[in-house]
Amino acid sequence: MALTKEQIAQRIARELKDGYYVNLGIGIPTLVANYIPEGMDVILQSENGLLGMGPFPFEGEEDPDLINAGKQTITTIPGSSFFDSAMSFGMIRAGKVDLTVLGAMEVSEKGDIANWKIPGKMVKGMGGAMDLVASARYIIVAMLHTNPKGESKLLPECTLPLTGVRCVKKVVTDLAVLDIHPDGGFILRERAPGVSTDEIKAKTAGKLIIEGDIPEMEI
Amino acid sequence: MNKVVANADEAIKDIFDGAILMLGGFGLCGIPENCIAALVRKGVKHLTCISNNAGVDDFGIGLMLKNRQVKKMISSYVGENAEFERQLLSGELEVELIPQGTLATRCLAAGYGMPAIFTPAGVGTEVAEGKEIRNFNGKDYLLEYAFEADFAIVKAWKGDTHGNLIYKDTARNFNPLMAMAGKITIAEVEHLVPAGELDPNCIHTPGIYVHRIFQGEKYEKRIEQRTVRKKMN
């Protein structure tokens, strides 16, 4: 069975470590916040100027001055801080954020990522994604393995305009967990429960590296 | 040192056709609502607007777009506005999309008196086309220039008659950066107080950067994505 979006987020949450500062992108990455293990000290950075993002507010307690980068109303946790957008990207550029999780339309076997533009269709803009991928130390992509047409999103080369080059370290999809090999290639680390290596092979257009028996994910 | 003007219309009265404006805010959070309304009333045209987003169809910069006052937007993300999309596709509107951190830091550079910055954001992408690249310690960086803006228009929570500003929560965002970067900076505030009432330790924008300040009114503070959780009993 392929993973649900929630299960992809749950699997990514297992990459979190105590003391991490983490930036979560819009979409599946946002869901990772729901699976931070209890007792683990993880601080969420929102690039519009907040460290210490908390859960959504209770009904009636929304504050229009307090939103996340997805423009959703949020709360703060004790020990949080506000800052301007230059400092926010300053801490990102300086490598202070330990982990960045973001969505993608395509990832190449070299770790290139494309997620901001489809030529000929509406161009929404890159927001903070280009800054994040250019500087983050550890970038995980959360996405479905194939697009709605069933075509692989894990490619030898990206076909869409790039957001960043050679920056993605790990990809977690509904079918598999894969690391990017420094010399190129998707190293298959884990399979979704019940998903065969052959299915992953068939749905991965880029170079797939399979070494030994590939364990099933623990979800 | 009194920077106080009566209202938004007076604050923006010399903004001219073809001016380059910076407008603070992130989404609809911390936008200068009063000044945008005054700009729509004034009907000034052919504006270049530097702003992270372009508002929504019926609020924020979206109101100026609907009124055909904007010639060019310089933004990082513009996905929330159908009128914007229509004008872009029909060629009525020019758009320059730049990475959000680059946008912020080009404002910062202007306010710090630095002509340019180097950033890795956009290296290897179409953002880098035609730009100078320098390698520092084995990593490539793009040369990006400080913005030049005729007017910066910002929104703060509290301000005093000297133009000192304090922002609230994530409504800070681009406001202090743009406040530093305008040739003329206009600040609208929710609470205007006499100089001396704000704690000097807590000032985000020192008054030297601000030329005009006024007490705003009737803040709507629209929420784009109202997300809540239910109270458990």
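Analyst: Two strands count as paired if DSSP finds at least two bridges between them, and helices (H or I, at least four residues) and strands (E, at least two) are DSSP runs numbered from the N terminus. This is a predicted model, in which local features need pLDDT of at least 70 and side-chain atom pairs count only at pLDDT 80 or more, while totals for chains, interfaces and linings use all residues. Residues are numbered from 1 along each chain as its sequence is written, chains are lettered from A and ligands numbered from 1 in the order in which they are written, and side-chain values use heavy atoms, leaving out hydrogens and water.

In chain A, strand β1 (residues 21-24) and strand β2 (residues 43-46) pair in the parallel sense over three bridges, and A:Tyr21 has A:Ile43 of β2(A) as its bridge partner. Both strands belong to an open sheet of 10 strands with mixed pairing, ordered β4-β3-β2-β1-β5-β8-β10-β11-β12-β13 (chain A). Because β4 (76-82) and β13 (208-209) of chain A stand at the edges with a single partner strand each, one side of each is left without a neighbour in the sheet.

Turning to the contact (heavy atoms within 4.5 Å), chain B gives 51 residues and chain A gives 47 residues. Seven salt bridges are counted between chain B and chain A, a salt bridge being a side-chain nitrogen of Lys or Arg within 4 Å of a carboxyl oxygen of Asp or Glu. One of the salt bridges joins the side chains of B:Lys221 and A:Asp65 (2.7 Å, N to O).
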